[in-house]
Amino acid sequence: MKVHFKIKRFNPEKDKKPYWGEYDVEADESDRVLDALQTVKWDIDGTLNFRRSCAHGICGSDAMRINGRNALACKLLIRDAVQGGKITIEPILGLPVIKDLIVDMEPFFAHYRTVMPFLINNTTPGERERLQSPEDRERYDDSTKCILCACCTTSCPSFWARGDYVGPAAIVQAHRFIFDSRDQGAAERLKVLGEPDGVWRCRTVFNCTDVCPRDIQVTRVIGEVKAALITGKID
Amino acid sequence: MAQYHQFDALVVGAGGAGLMAALYASKSVNTAVISKLYPTRSHTGAAQGGISAALGNMEQDKWEWHAYDTVKGGDFLSDQDAVDILCKEAVEAVIDLEHMGLPFDRTPEGKISQRRFGGHSNNETKQPVQRACHAADRTGHMILQTLYQQCIKNNVRFFDEFQVVDMIVVDGTCRGVVAVELKTGEIHVFHTKALMLATGGFGKMWKISSNAHSLTGDGPAIALRKGLPLQDMEFYQFHPTGIYKMGILLSEAARGEGAIFINDKGERFMERYAPTMKDLASRDVCSRSIYKEVRAGNGIGGKDYVYLDFRPERINRFFENDGNPRRVDAEYIEKRLPDIIEFVRVYMGIDPITEPVPVQPTAHYAMGGIPTDLNARVLSDENGTVVQGLYAAGEVACVSVHGANRLGTNSLVDLIVFGRRGGKQMAEFAKQAVFLPISQDEHSPAEVILNGIRNGAGKERPGQIRKELQLHMDEHVSVFRTKQGLETALEEIHELKERYKQIHIDDKGAQWNTDLMEAWELGCLLDLAEVTAISALARQESRGGHYREDFPDRDDKIFLKHTNVWNDNRLAYKPVHIGRYQPTERKY
């Protein structure tokens, strides 16, 4: 089928402001949106720039705003994306655009680093694994799925309004450790997340949950961190 | 003018091997990691089913059994001293990962949970053993995340989205690399005492591939161009369960949990090819069996695919036939294989819980690569001459532990074990070494090449050449090979290399020019495809992943040896390190 793509373009070396590039692409309805973008790049216009790597929803490179909604271009099929023969693609919002669909991810990863995204446990482990019950392991399973694609954070109106907000992805990462029975850093992490730019900027809009390509219950995860802050208990 | 940096130790590539090496090197020397992707985008994250180690958490197991399985899986081409290290150190390496926080699935007692995987067996009963430590079917994701987290904790310096395009080798010693900062297009020179190449594989020379777009073999191509050999390039693994037409991987863990292959007649055909291990035979055996079925007209609807069936009632029926008391239900399968079930639902629009899944072999993993010794030091010839200051680990390297065919889960073991050994070795070396001088214009050759591509005005498009290369490789340098096919492939590759000199690109700019970098990567793939075909043509036998229809038997008298190939097409061979296990006929 023929699909008409409208893609927001910007080349910092040439353009004063972004403009829409329009391309007609022959695609199968079972193709990924990413496949069609590759067709544009390889066969029509090599100047189009976007990040991509694994092409099956695992590496988190190709988050973009497709028909007004964040998604991974490699995990959305043409038949599910096309609306009246058209697909509109823009860079994700809230991060500075560098070129075409490529945004500056540094502010996103800076927020990630503030929550101390690593196991904190100052006891000396034995020669074998630390034990953890299947129930304790299950407790934080959902947040281990995060691939740091930024779909959630860049769909969040609170983040759009204030870039200093750590954003849902960083909170998911914090949750992954706060609720891990092996971790001892909950107090430090909760201190960061209790700051004005921590979890309380979340207004439970649910955009993050709606768009998460890993189906993480992001709003619920954030709610659990809020509850931990209020009650002082982690359970 | 190029920007200049200096680090005691430098790692190129931020997958499992690179991050593990950086973590260990950074404990004692000033270390940096250069990666063309953000580290968490690396393809280690796509590994699914598990990482093997003889922990014995579920049933009796021994690292020596793991070693034998690895050697047998490699069709006796593995170097057995390296395999011993791999399997022995796997145990402490997996425990190390757990201590770093890796969220493994757990047994009821709270230990790391393990499951069955292809080719892994109890050496006494010959039955599949539960050896693969797992976190659902996203074990690689968890390894990558955990290692990156630890690097952040330890303040490892990262140069994200910097692409290495050249290596500085003077008088047989490695002194650094030249890289492009993608955001600005600026050239940077990195001066180092110890460099590790950990750039992963090159599976994008095939069309049907499980590999990421970024897996273009930059590291091995640079090594080749610097006059270093590549080893055992003819041994490339085609994983039997790629999603039909797309090549997306469906983990062997599916069969570890009980899934089976079914042909058009509804037969469980692996019973005929591997009577003991059946669907859990090694990957090369399964991939060949699938294509034999297809050739016999037993592909689904007469086409070039078969079914992978993981419907619970079917799995249970085959458990019953095998006298296996295990039973599964939909909830269990969803819990153990959530990601691959989702892949099937998203990309094929079918539900694997109620329908069988069309699969075909997909280009997956390079057993060959840059030859190294047991401490990840790169070797410059068949006599084992070490290149001072240069290391390699992970898929890019050939130690060789995987021999002619890698067992499932052993790629992750390789990353962790040899990444760690390499990192420690680099630190030891860098502590006592001095920075050897480099000249002011080390960046010039790379700049000349990149500007040549940028300003090229020929009529060829890189995208078209890439497409043709992939089709030729799928056709002639795949699961089944012949002299005629390989010669045809070589002619086609040579023609493509000529046409590559006539390319033009659209983007002439500096900043984030992926048009330019992809064209440069295509040059890497072409060089690697050529030495792959040359190595395959010269090996007139069938062993592991390399199957010659015109030489269908293994020939230990002549070919129990590793291939080294150079950029000028020169070939040399070196002996396999045999240890406890003498080569025998390989049966599953």
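On a 1 Å grid laid over the protein atoms alone, a pocket is an open set of points with protein on both sides within 12 Å along at least five of seven lines, a cavity is a set of points where a 1.4 Å probe fits but cannot get out, and lining residues have an atom within 4 Å of a point. Grid points are joined across faces, edges and corners, and a volume is the space filled by probe spheres set on the points.

Before I use those terms, a word on the source. This is a predicted model, in which local features need pLDDT of at least 70 and side-chain atom pairs count only at pLDDT 80 or more, while totals for chains, interfaces and linings use all residues. Residues are numbered from 1 along each chain as its sequence is written, chains are lettered from A and ligands numbered from 1 in the order in which they are written, and side-chain values use heavy atoms, with hydrogens and water left out.

Let me begin with the largest pocket, which holds about 1200 Å³ of space. Its lining is made of 42 residues, and Asp31(A), Arg32(A), Asp35(A), Lys207(B) and Lys245(B) lie nearest its centre. Helix H1 (33–44) of chain A gives the most to this lining, with six residues; helices here are DSSP runs of H or I with at least four residues, numbered from the N terminus. By class, the lining of the largest pocket has 15 nonpolar, eleven polar and 16 charged residues, where Asp, Glu, Lys and Arg count as charged, Ala, Val, Leu, Ile, Met, Phe, Trp, Tyr, Cys and Pro as nonpolar, and the others, Gly among them, as polar.

The second largest pocket has a volume of about 700 Å³, and of its 30 lining residues, Glu138(A), Asp141(A), Asp142(A), Arg138(B) and Lys335(B) lie nearest its centre.

Side chains of opposite charge can pair when their charged atoms come close. Between chain B and chain A the count is ten salt bridges, and over all chains a search of the whole structure finds 79. Another salt bridge joins the side chains of Arg214(A) and Asp339(B), at 3.1 Å from N to O. This pair crosses between chains, with Arg214(A) in the loop between helix H9 (207–211) and H10 of chain A, and Asp339(B) in helix H11 of chain B.

Turning to the interface as a whole, 65 residues of chain B are in contact (heavy atoms within 4.5 Å) with 69 residues of chain A. The buried area, which is the accessible area (1.4 Å probe) that two parts lose on being put together, summed over both, is about 5600 Å² here, and carbon and sulfur atoms give 48% of it. Arg41(B), His213(B) and Tyr347(B) supply 14% of the area that chain B buries against chain A, more than any other three residues.

Finally, the cavities: the rule counts twelve of 30 Å³ or more. The second largest cavity has a volume of about 240 Å³, and its 18 lining residues include Arg52(A) and Trp512(B), which are among those nearest its centre.

Definitions and conventions
Salt bridge = Lys/Arg side-chain N within 4 Å of Asp/Glu carboxyl O. Helix = DSSP H or I, 4+ residues; strand = E, 2+ residues; numbered from the N terminus.
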